[in-house]
There are 2 protein chains.
Amino acid sequence: MKQFMNGRDALVTDAVDGLVRTSGGRLARLDGYPHIKVVVRTDWDRSKVALVSGGGSGHEPSHAGFVGQGMLTAAVCGEVFASPSVDAVLAGILAVTGKAGCLLIVKNYTGDRLNFGLAAERARAFGLRVNMVIVDDDVALPHLPQARGVAGTLFVHKIAGAAAEAGQDLDAVTAAAQRVIAGVASIGMSLDTCTVPGSPKEDRIADGKAELGLGIHGEAGVQQVSFTGARSAMAMVLEKLAPHVTGDSNVALLNNLGGATPLEMSVLAAELAASPLGGRIQAIVGPAALMTSLDMQGFSVSVLPATADDLTALAAPVAPAAWPGMQAIVPLAIRPLPDGLAPLKALASAHPLRRGLIESCCAALIAAEADLNLLDAKSGDGDTGSTLATAARALLAAIDGLPLADITQAYRAIGSELSQTMGGSSGVLLAIFFAAAGDASASGKDWIAALQVGLARVMQVGGAKPGDRTMIDALEPALAGLGHGLPVAAAAARQGADATAGMVRAKAGRASYLSEDKLAGHNDPGAEGVARLFAFLAEKHG
Amino acid sequence: MKQFMNGRDALVTDAVDGLVRTSGGRLARLDGYPHIKVVVRTDWDRSKVALVSGGGSGHEPSHAGFVGQGMLTAAVCGEVFASPSVDAVLAGILAVTGKAGCLLIVKNYTGDRLNFGLAAERARAFGLRVNMVIVDDDVALPHLPQARGVAGTLFVHKIAGAAAEAGQDLDAVTAAAQRVIAGVASIGMSLDTCTVPGSPKEDRIADGKAELGLGIHGEAGVQQVSFTGARSAMAMVLEKLAPHVTGDSNVALLNNLGGATPLEMSVLAAELAASPLGGRIQAIVGPAALMTSLDMQGFSVSVLPATADDLTALAAPVAPAAWPGMQAIVPLAIRPLPDGLAPLKALASAHPLRRGLIESCCAALIAAEADLNLLDAKSGDGDTGSTLATAARALLAAIDGLPLADITQAYRAIGSELSQTMGGSSGVLLAIFFAAAGDASASGKDWIAALQVGLARVMQVGGAKPGDRTMIDALEPALAGLGHGLPVAAAAARQGADATAGMVRAKAGRASYLSEDKLAGHNDPGAEGVARLFAFLAEKHG
C-alpha cells in the first residue's frame, strides 16, 4: 500500500466522511454505506432546482467537493473510476428534489449515462421532474461521436449552479447547462499515468514523452508526443483546442490532473496567457485541481465561449472552497525596483584613531590565519582563518574610501564592505553586526553601546546565544568589558574563548551537526579569533 | 525533463509570471528578474503594517500565493529550496513599507534568517521600521534548539495578516505573530521523497515504510516507520504532536505536502477528526496544499491553541484563493436514506391479449438465441442471443405476477423486472425503455406512443440514434409502423435490421470499437433480434 488509506474498500467512504466532518456543518451524507455514497447540502430547503452530479471517484474535488450553495446540491460517488449504482443515484435525487425539480449533470461515460438515466426514470415514477444533461467536452477524439466528459463539467456546475441559485426554473437551468455543454471544449496532457489505489502503476509513458488527449480514468492518450517543455506542451494542447474556440470572449479553465506541482501549473498558466489563443481568453478559472485523475502529473485546458451573463455566473461567490474563483487574465504587471537597493556610498573622511584600530583588528586576524584554520579543521572545513583574513585584507584595501570621521557612516560602510567581500553566513552576520551598530549610533548610542546593539541583532538573526559555542562566547564578554578599557575586554574575550573548549554540544552554526568528541578540548575558532583580536588591540592600543 | 517547465532556470520566474497574470490584477511583480523575484499586492497604499514573507520556492502556494488583502503584502521568492538574496528581500521591503512599518515572517532556516536579517538592517538604514519573527513550529527534532519552520507559518500569515488588516500597529502585529509562533506545533509524514526539478529522484523510502518528521526540502525524516495505513499514520503523527498541544481550544491545519491525492487527504482528515486529539480541535484549515514540498506524497498537521480572537482572525475572509478558509470540525452528519429506493410492487392482474403478446415476444427471442449469438460472435463476444433469451425466460417466469390489466403499471413492472434480471448496459437500457413508456402511458399516451417515448429516452440516455448500427435501427421504424399493424411494423423492422449490414462505422455501443471489415455484411445482432421479434408477432398476432 502506497496510499494514505485504510484499505481500498474503505477509501471512498472514509474520504467522504472526512469531507463531511471538515465541512463546518455545510454537508451531510446519506446513510447507506458502503453502496450508497451521497453527499448533500445541509442548508437546502428544496425550494429551488436541485443539481445532482457524480460518477466514479478519483476525480476529487469533483464532485462532492463542489456540493454547496451556488453549485451542486448533491453528489453521488462511485468507487474509484466506477459509476455509482442506480440506487445510489436515485437516493441522491430523492434526497434533494422538491417541486422545482432536479437536473442531473452526467459526464459522458456509458455507465454513468445508464445508471443516472435509469435512476431518473425511477425518480420520475414518483412524479418528480428530473432532467439530465450529458457533458461531452473532450475534443481529443474528434471522430468519436461520444466525446468524453472531463473538466469542462465544472463550467456546467458553476453556470447551472448560478442559474439555480438565482431561482430559475428547471427548463431554464437545463437550457443553461445545455448551452455550456454545446460551447465548451477540453483536452488534457500528462507526463505520467495515474496510480490506481491498490494496483501497481502502469509505466506507459517513457522519459521525454507525454500523452496528449488522455482521459481521466487512466485511458491512454490519443497520441504520445515528444515532450520538450512547458511551452511546446501548452502549444500542442492549444493547437487541438483552437478549432473549437469561437469568438473573442472566452473563459479558460486550467485543471491540474492531480500530480502536477503548483509551480508547474503556474508555468502552464503563464504559457496559456502568453499564447496566441490566450489573447482571446478574458478570464481563467484556476490553475487548480478541479477534475483530477488521482495523482496524474498532467493538466487539461477547457475553453468556454462566454457571454456577459456567463461571466457574471462564473464570478458569483459560492460556498465550496474547492472552487477557486474566476480571475481576469491581465497583462503582466511589472513594478520598477524601488530606489535604495544600491546603498549610497558615503564620502571618505579621515579619523586617525579609528583607522589605527581598524588596521590593528585586520592585522590581528591576518596574523591568526593559520592558527584559526588549524583549529577549524578539528571541527569544520578548516577555513575560518582564511575567511577572516581575506575579509581583513579586503577591508584594509578599502580603508582609504571609508567615511571614518562619522562613526555611524563608518559602521555602515564597514558592514557594507564585509557583506560584499566575505562569503557565507559569517559575512552576513558581520554585515548585520556593523549595520545595526551604525543604526544604533545614528540614534545616539555611544560607540560601545552601538556595538552591543549590533551583537544583540546578530543573536536574534543568527539564533545563537552565549554558551552555544560560537564567536559570541568571546564577543559578548569583550563588549561588556570594553567600557573598562581594552585590557579588561581582552581578558574577558580570552576567558570566553577558552570556555568554548568545554562546550561539547554546539547549539548553533555548523558545529551543531558534529558529535561531542570532535569538539571537546578545542576552542571554537570564531571565538578564538575574537580573543586574538582583542589581545592584539590591548597590546597595541591599551 | 519530467516537469512542465521551460528549463530549471526559468521555472520560478515563469511560475511567478503565471501567478501574476492569473491574479485578475490583484498582483504585480517587481522588475529585477532573474535575481529579484518579488510579488506584491497592487491594492496597497502603505497605510497599514506590511507583511513580507518568502524563502526558497517549491512550497507553493507558499508564499506568493498568499499575497493579498488580509494576508501577505509581498512575497520574496528564491530559487527552488534556496533562500532569496538580501537584495531581493530588501526590494520587497522597500516596495511595500510605509510609515506603519513592516513585519518579516521568516521560516527558521539559516539562509533565510541571515538574508532577511541583513535586508532588515539595510531597510532600517532608510529609517523604516522593520521587525522580524522566526517561525520554528516543527517538533520533529525535539533536541534541536533550532526547530524548522514549516506549515504552521500559515497561521502566522493569517493571524498577523488579520491584525495588520485591522489597522493594528507594528508592535501589536509583531506580538500577534510571536504569540502564534510560541503556540503552534507541526510535524509531517511522507510515503515518498520529492522530485527536485532537473534532478533524479532519490529513492529513499521503501515500500511499506514512511518517513516521520521530515522537512520540506527533501531532508530525510527523523525516523522511518512501518506504514500500515492512514489510521496508524495519523496516530503516529498525533502522538508526536500531542505533548505540544495544550488546552481544549485548538485549530488544526492539515497540509498536503504536494503529492497526496485529495482522496487521501480527506481520509486523513477523517482520521484526524476521529482521533483522541481530534476531540480537542474545534476547527480545521484544509485539508489543502498550503506549504508543499514540490510533489511529495505526504502530509503535515499543525496545531495552534486558539483564543476566540484567533478564531475570528482565522475565519476572516481574505483575497488569496489559496487560503481554504477555516471550518468547524463537526460530528459526522448522516441523513436517513429517502423512501422509495425499493420500488412498490404493483398487484398482479390479468390481461390475456397483453399476456399473449409478451409470451410471443419472449418465445421469439428464445427461438433466436443461437442465431443471434452466431451473429454477435462476428463483431462481439457472442452473447447477445443468450442475454436476450435469458431475460425472456426470466420474464416468462415472472409473468403471473405482472399487473397486466394496467398498461402503465405493466410497463413499469416489465422495466423493473428486466433491470433486475438482465445484466449490463442492455438491461439498463430496456429498463429505461419500459419505465419511460410507463410514465408516458400514465400521462395519457396510447400504448404505441408510450413505447416511442421510451425509445426516445433510450436514445437520449444511451446516446445512439438511427444509423448507428444498434437495435434502434430496427426498433425505431418498427414502432413508427406499428400504428398500421404488426405486418407493417415487421417489414419495417426487417428492412431496418438488414440495413445495419451496410453500416460499417458503428457509432455507439461496443461495436464502435471495431474495424470496418469486422462489421461489413453482417446485421447488428440487436437489430436482428428486434426484426425476429416483430416477425414472430406478425405471424402469430398480425
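Which residue of β9(B) is the bridge partner of B:L212? In this predicted model, local features need pLDDT of at least 70, side-chain atom pairs count only at pLDDT 80 or more, and totals for chains, interfaces and linings use all residues. Residues are numbered from 1 along each chain as its sequence is written, chains are lettered from A in the order in which they are written, and side-chain values use heavy atoms, with hydrogens and water left out.

The partner of B:L212 in β9(B) is B:Q223. Strands here are DSSP runs of E with at least two residues, and helices are runs of H or I with at least four, both numbered from the N terminus; two strands pair if DSSP finds at least two bridges between them. Strand β8 of chain B (residues 209-212) is joined to strand β7 (residues 185-190) by two bridges, in the antiparallel sense, with B:E211 of β8(B) as the bridge partner of B:S190. Four bridges, again antiparallel, join β8(B) to β9 (residues 223-226) of chain B.

Now to the two chains together. Chain A superposes on chain B by a rotation of 179 degrees with 0.0 Å of shift along the axis, at an RMSD of 0.2 Å (least squares on the C-alpha atoms of residues with pLDDT of at least 70 in both copies). This is the relation of a two-fold axis. In chain A, the C-alpha nearest that axis belongs to A:G259, 2.8 Å away from it. Both copies use the same surface, as 99% of the contact residues of chain A recur in chain B, where contact means heavy atoms within 4.5 Å.

In the interface, 121 residues of chain A are in contact with 121 residues of chain B. The buried area, meaning the accessible area (1.4 Å probe) that the two parts lose on being put together, summed over both, is about 9700 Å², and carbon and sulfur atoms give 64% of it. A:K2, A:F4 and A:R21 supply 11% of the area that chain A buries against chain B, more than any other three residues.

Two salt bridges are counted between the chains (a side-chain nitrogen of Lys or Arg within 4 Å of a carboxyl oxygen of Asp or Glu). One of them links B:E121 to A:R457, with the closest N and O atoms 2.6 Å apart. Helix α7 (residues 262-274) of chain A gives the most to the side of chain A that touches chain B, with 11 residues. Strand pairing also crosses between the chains: β1 (residues 27-30) of chain A and β14 (residues 334-335) of chain B pair in the parallel sense over two bridges, and B:I334 is the bridge partner of A:R29.
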